[in-house]
Amino acid sequence: MITREEIADLLDHPVYDGEGNKIGDAKHVFFDDATGRPEWVSVRTGLFGSTESFVPIRDASVVRDHIEVPYRKDQVKGAPNVDVDAGGHLSETEEHRLYDYYGINWDSVLSEAERAGDDRGPQGPGTADAAGAAGAAGTAGRSDAAGAAGGTGEAGTAGTAGTPGRTGAPDRRGMRADDAMTRSEERMRVGVERHEVGRARLRKYVVTEEVEQTVPVRHEEVRVEREPITDANRDQALSGPEISEAEHEVTLHEERAVVETETVPVERVRLTTEEHIENETVRGRVRKERIEAETESGADDDTRRGGRGRQ
């Protein structure tokens, strides 16, 4: 179990589930009014840390510089939304709803609160009060439970336990010991996450194309040539018999186109990636605290005048 002394070192540190997955960062720790022990931790989740989810801290442990909780990341992100803006305090109904979501027996929680009440006087069912980055030292508690821990005046640290409040005493959580208020505001931090958006691959396949090419081919044809008898060829012409039959044969040739194929490398192809940078505008909402001052002056009730200023 995480002790009160470890709280200051846990705020703004990572929170992991039992499988080693980061859920978010611890932002606030809530103490039980009856037992005074750390009961809940709010974890800021989401792409830009825009939401906070509540996780029971009773079974959590500190491992080096982070917190490990025995709940899955998706289970924590799906926890019921709880509005704790009004005073940073979990109501009994909200806490009951969270216990049911995480499967924690509400009767066992009440038993622990009752046992703590036996040592600290009559008290009602414990509810959780917050100690967080923007809190201040709490001094006055509630009429039905002991005062819970407030934060210190500095962001990111947890305060010490407050003293039990008187019945009907005004709630002064948020006031420092020197009567000064701490005004806080949220700052938007924008980051980027790398996601896989697609895949590209090279695939080689074979296609058959018709190729046409013109080449010259030659062939032989018969041509009959006649020449008259002259003194130059008379002896050759009269060398044979005067009257006879004869035959002469000539072989004809032609060229034909022959197609052959050979495989030759023509190019090398590979896939590469290029990074292109473009600007993207991100919008979000941040909350800021405002401090309003009221003054009253006058001699009696009939002539009282008031002034108000805002910062």
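Student: What kind of model is it, and how are residues numbered?

Tutor: This is a predicted model, in which local features need pLDDT of at least 70 and side-chain atom pairs count only at pLDDT 80 or more, while totals for chains, interfaces and linings use all residues. Residues are numbered from 1 along each chain as its sequence is written, and side-chain values use heavy atoms, with hydrogens and water left out.

Student: How many residues are in the largest nonpolar core?

Tutor: The largest nonpolar core has 30 residues, and those with the most contacts inside it are Trp40, Val55, Ile67, Val69 and Tyr102; such a core is a set of buried Ala, Val, Leu, Ile, Met, Phe, Trp, Tyr and Cys residues joined through side-chain atoms within 4.5 Å.

Student: Which element gives the most to this core?

Tutor: Strand 2 does, with 5 residues; strands here are DSSP runs of E with at least two residues, numbered from the N terminus.

Student: And what does Ile67 touch?

Tutor: Leaving out residues up to four places away in sequence, Ile67 touches Ile2, Leu10, Pro14, Val15, Tyr16, Ala26, Ala60 and Ser61, where contact means heavy atoms within 4.5 Å.

Student: Is Ala60 buried or exposed?

Tutor: Ala60 is buried, because its relative accessible area is 3%, and the classes are buried under 20%, exposed over 50% and partly exposed in between, with a 1.4 Å probe and protein chains only. Ala60 is found in the loop between strand 4 and strand 5 (61–63), and Ala60 and Ile2, 58 residues apart in sequence, are 6.7 Å apart in space, C-alpha to C-alpha.

Student: Switching topic, how many salt bridges does the structure hold?

Tutor: The structure holds 13 salt bridges, each a side-chain nitrogen of Lys or Arg within 4 Å of a carboxyl oxygen of Asp or Glu. Among them, Asp25 pairs with Lys22, with the closest N and O atoms 3.6 Å apart, and Asp231 meets Arg234 at 4.0 Å, N to O.

Student: What links Arg183, Glu185 and Arg187?

Tutor: Those residues, Arg183, Glu185 and Arg187, are linked in a network of salt bridges, and within this network the side chains of Glu185 and Arg183 meet at 3.8 Å, N to O. Glu185 is partly exposed, with a relative accessible area of 30%, and Arg183 is also partly exposed, with 37%.

Conventions:
Helix = DSSP H or I, 4+ residues; strand = E, 2+ residues; numbered from the N terminus.
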